[in-house]
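Please keep the sequence and the structure at hand while reading.

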Amino acid sequence: RKIGPTPSKLRKRRVNSKMVQVALLLLGTFTFVPTSTIATPSMPFYDFNTTELDCGMRRLMLKKATELQPWEDHRSTFDSLELERLCGDSIQSFLSNQKVLQSQESSKFSINNDDAITLFVCPIDGDDSEGSSIRGTEKNRPFRTIHAALGHIRSRRKKENRKWEKNHRQNITNRKTTITNADDRGFARIVLREGVHFLYDTIILDSGDSHLSIEGYPGESVWISGGVPLPRNLTWKKSTLHPSENDVWMANLSGTRALELLERGKHPGISGLFTLKDHVRLTRARFPDADAEVAQWGYASLQRDSLSIPGESVLEWTKPNPQPQPTFKFIDLSDPRNPSGQVKNNSQMNEYNTWGVGHGGACSSVWGDGDSYWCGNASAGGWAEVDQECAVKGTIQIPMGMQYNMSYVPPSSSTGKPLGPRWKDADLTGAIVHAWHSQSWATHMFRVQGFDRKKGILSFTKGSGGQGGRNWCRCDQCGYAAGWCGQ
């Protein structure tokens, strides 16, 4: 029977799709500049038009991308390949052609397949209520959530299982064994229509869900999100917790599913907000205000003073007091006899053929009770000697808090208000302090656990700090940093 692409083919499509995305990213990493004809008199073979060759490669890459993902409009692919600037191709012409191809692809999409259970899910007009008609075609009312559609398929298959078992027992009695496998009863698919499909709980698929595909409708923009939708009628008003600011907004989540999940501990917290249409991330309330997606406020940025608070505003970063040396664990992975049972000796730097962590003692003051690579005596990379020295001496230098200058006026302040008056009525508990390491190669993200507004002191949660795990080294504290400080 003809049922469309087999699961193995679908998997191949996905792999190919990822491959082309990687190829496009690599292509975008370099700058290809078309030049005029290159001629080598002694070697006529190299007399060719490099612009034509380069543009041909770019067009071939775009063609392959559209073949692998025909449901996408590939505007971003066209732009990243710079076909308009470098090759003179028209984006309007390309998009018009894409619409024709997508229309053809959509017309090939069969929804009346007697051999497969086909259910549609629409996050906008769908209906999960019990008693509604079976959704077998596009004309019937679709489900609203993936969970409901999956539950319907499982329920239907459960009934088929009972029927199969009854027939199978009868066949055994009559010595007929034409049916040998309950998993050969047919395929099922869930087709997602345009919009954002929210997952209220984790979807776990097992062997009972074999021969099932969950796919997007051709030519439509489909998103699957682990977020929680907020009611459309939610009322937003200016924050009363930040009276000195005029651009911080708040909303009462009482009675919403978002608050229910937060209270039940099903969600770690609200880390961001997104628009429903286009799925764009909104900027979290921050100072100085900036677009988190594009603002370049790092250590080496020329705009850093207008997009962040200069480091000179900090009177002191609070370091942990000296504590006992941690317990170190070390394994030489290049030794075939090592206790891990794994051998690694393929790195040119021997340090990366080893494994080491620190635990307890001075490590606990910053990272809590878990193991930490940064608190070991065998870490590697830039500033590694600082990490090792701090761990061995029990003097960890990653901040546990900070005290800011309350009279400091940041260059980004449009009102000329110092930091003290700016935050005198605010509650900064739960805020996140982003701090760049010098040289811009790491940023720490400290979550504020306590706030003393009278003294301008913030204390950080243990284990916070984000991806920047390296110890800090002030100019007057260690010789390694002196070169960067002009000393």
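The text below takes the cores, then the strand pairing, then the backbone.

The model is predicted, so local features need pLDDT of at least 70 and side-chain atom pairs count only at pLDDT 80 or more, while totals for chains, interfaces and linings use all residues. Residues are numbered from 1 along each chain as its sequence is written, and side-chain values use heavy atoms, with hydrogens and water left out.

**Nonpolar cores**

A nonpolar core is a set of buried Ala, Val, Leu, Ile, Met, Phe, Trp, Tyr and Cys residues joined through side-chain atoms within 4.5 Å. Buried stands for under 20% relative accessible area, exposed for over 50%, and partly exposed for values in between (1.4 Å probe, protein chains only). The largest such core has 28 residues, and the members touching the most others are Ile 396, Met 402 and Leu 458. Two or more residues each come from strands S8 (314-318), S11 (401-404), S12 (432-436), S13 (443-452) and S14 (457-460), and from helices H9 (364-367) and H10 (384-393). Helices (H or I, at least four residues) and strands (E, at least two) are DSSP runs, numbered from the N terminus. S13 supplies the largest share of this core, three residues.

With neighbours within four places in sequence left aside, the contacts (heavy atoms within 4.5 Å) of Met 402 include Val 314, Trp 317, Val 433, Ile 457, Leu 458 and Phe 460. A second, separate core has twelve residues, among them Ile 117, Val 121, Ala 149 and Leu 192.

**Strand S2**

Five of the six residues of strand S2 (residues 187-192) are buried, so the strand is mostly covered. S2 and S4 run parallel and are joined by five bridges; strands count as paired if DSSP finds at least two bridges between them. Arg 189 has Ser 213 in S4 as its bridge partner.

**Backbone angles**

Most residues other than glycine have a negative phi, and most peptide bonds are trans.

| Residue | Phi | Relative accessibility |
|---|---|---|
| Glu 82 | about 55 degrees | 26% |
| His 211 | near 60 degrees | 29% |

Glu 82 is in the loop between helix H3 (75-80) and helix H4 (83-87), and counts as partly exposed. His 211, also partly exposed, is in the loop between strand S3 (195-198) and strand S4 (212-216).

Which form does the peptide bond from Phe 287 to Pro 288 take, cis or trans? The bond is cis, with omega near -10 degrees. Pro 288 lies in the loop between helix H7 (257-263) and helix H8 (304-307).
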